[in-house]
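Here is a short briefing on a single structure. It covers contacts, salt bridges, nonpolar cores and a cavity.

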Amino acid sequence: MSNNIVVAIDGYSSCGKSTLAKALAKKLHFIYVDSGAMYRAVALYFLRNNIDVHNHEQITQALKNIHLNFHSRDYQTHITLNDEEVSEEIRLMPVSEKVSEVAAIHEVRREMVKQQQRMGHSKNIVMDGRDIGTTVFPHATVKIFMTADPKVRAERRFKEITGKNPEITLEDVFENLAHRDYQDTTREESPLVRADDAIILDNTDLTPTEQLEFALDKVRPFVL
């Protein structure tokens, strides 16, 4: 197998990036790195500690106190925030409403990119996010940009969180995704854009198995 293969998967919220990245990493025996979970964990820390996103000193100090780590259990990747398991809490609506704003902060992105790049220096990895193929790993072995119909994305997200947030409505989720899309694509710091050499994967009408086969076909030529 070739050394240091990096698969970068970017795209809009609730396009199934994590689902594909996890399945692809498992199939190839690569390390899966969920960059979005990292930003969500930072957003959770900011919420818990009332960090003012416009206060440079508070942000700088907070980042010094944030320690993130990934670990695998039962074939699932989990993230810890200062040694606390937060994989479920970071998916709740309060964090979803905050994460794009936090992820747009220069200091936050700079620190997260450093951590992400360290993870990809010596291991074969699959990493998903919004700027992986453009900022974190501009020379990634394979770049995939995922998209899907906004209504389908909202329905998927609604099904995912309605059990934990029974008061949430489909309209709430649709508006949240539209707001996050706007923030992600218009922010000054590493906006969401498709890299020129990224392969577009529109999974509006694809099953998880079909999108996995699509990705495997693109990566297999680099796996010896």
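Contact here means heavy atoms within 4.5 Å. By that rule, and not counting residues up to four places away in sequence, T80 touches H67, L68, N69, H71, E85 and V86. This is a predicted model: local features need pLDDT of at least 70, side-chain atom pairs count only at pLDDT 80 or more, and totals for chains, interfaces and linings use all residues. Residues are numbered from 1 along each chain as its sequence is written, and side-chain values use heavy atoms, with hydrogens and water left out.

**T80 and its setting**

- T80 sits in strand 4, residues 76-81. Strands (E, at least two residues) and helices (H or I, at least four) are DSSP runs, numbered from the N terminus.
- T80 counts as buried because its relative accessibility is 11%. Buried means under 20% relative accessible area, exposed means over 50%, and partly exposed lies in between (1.4 Å probe, protein chains only).
- L68 is twelve residues from T80 in sequence, and the two are 5.7 Å apart in space, C-alpha to C-alpha.

**Salt bridges**

- The structure holds eleven salt bridges. Each is a side-chain nitrogen of Lys or Arg within 4 Å of a carboxyl oxygen of Asp or Glu.
- Side chains of opposite charge can pair when their charged atoms come close.
- R91 pairs with D34, with the closest N and O atoms 2.7 Å apart. R91 lies in the loop between strand 5 (84-85) and helix 4 (93-103), and D34 in strand 2 (residues 31-34), so the bridge ties together parts that are 57 residues apart in sequence.
- R91 is partly exposed, at 24% relative accessible area. D34 is buried, at 6%.
- R48 and E84 form a salt bridge at 2.8 Å, N to O. R48 belongs to helix 2 (residues 35-48) and E84 to strand 5, so this pair links parts that are 36 residues apart in sequence.
- R48 is partly exposed at 37% relative accessibility, and E84 is partly exposed at 35%.
- R48, E84 and E89 are linked in a network of salt bridges.
- D217 and R220 form a salt bridge at 3.3 Å, N to O. D217 is partly exposed at 49%, and R220 is partly exposed at 41%.

**Nonpolar cores**

- In soluble globular proteins, nonpolar side chains tend to be buried together.
- A nonpolar core is a set of buried Ala, Val, Leu, Ile, Met, Phe, Trp, Tyr and Cys residues joined through side-chain atoms within 4.5 Å.
- The largest nonpolar core has 38 residues, and those with the most contacts inside it are V42, F46, I66, L68, I79, V108 and F137. Helix 2 gives the most to this core, with nine residues.
- Apart from this core lies another, of 21 residues, among them V7, I9, A21 and L24.
- Leaving aside neighbours within four places in sequence, F137 is in contact with V6, Q116, Q117, G120, I125, M127, I132 and K143.

**Cavity**

- The structure holds one cavity of 30 Å³ or more. On a 1 Å grid over the protein atoms alone, a cavity is a set of points where a 1.4 Å probe fits but cannot get out; lining residues have an atom within 4 Å of a point.
- The largest cavity has a volume of about 30 Å³. Volume is the space filled by probe spheres set on the points, which are joined across faces, edges and corners.
- A8, D10, G133, K143, I144, F145, A195 and A198 line this cavity.
- Strand 7 gives the largest share of the lining, three residues.

Definitions and conventions
On a 1 Å grid over the protein atoms alone, a cavity is a set of points where a 1.4 Å probe fits but cannot get out, and a pocket is an open set with protein on both sides within 12 Å along at least five of seven lines; lining residues have an atom within 4 Å of a point.
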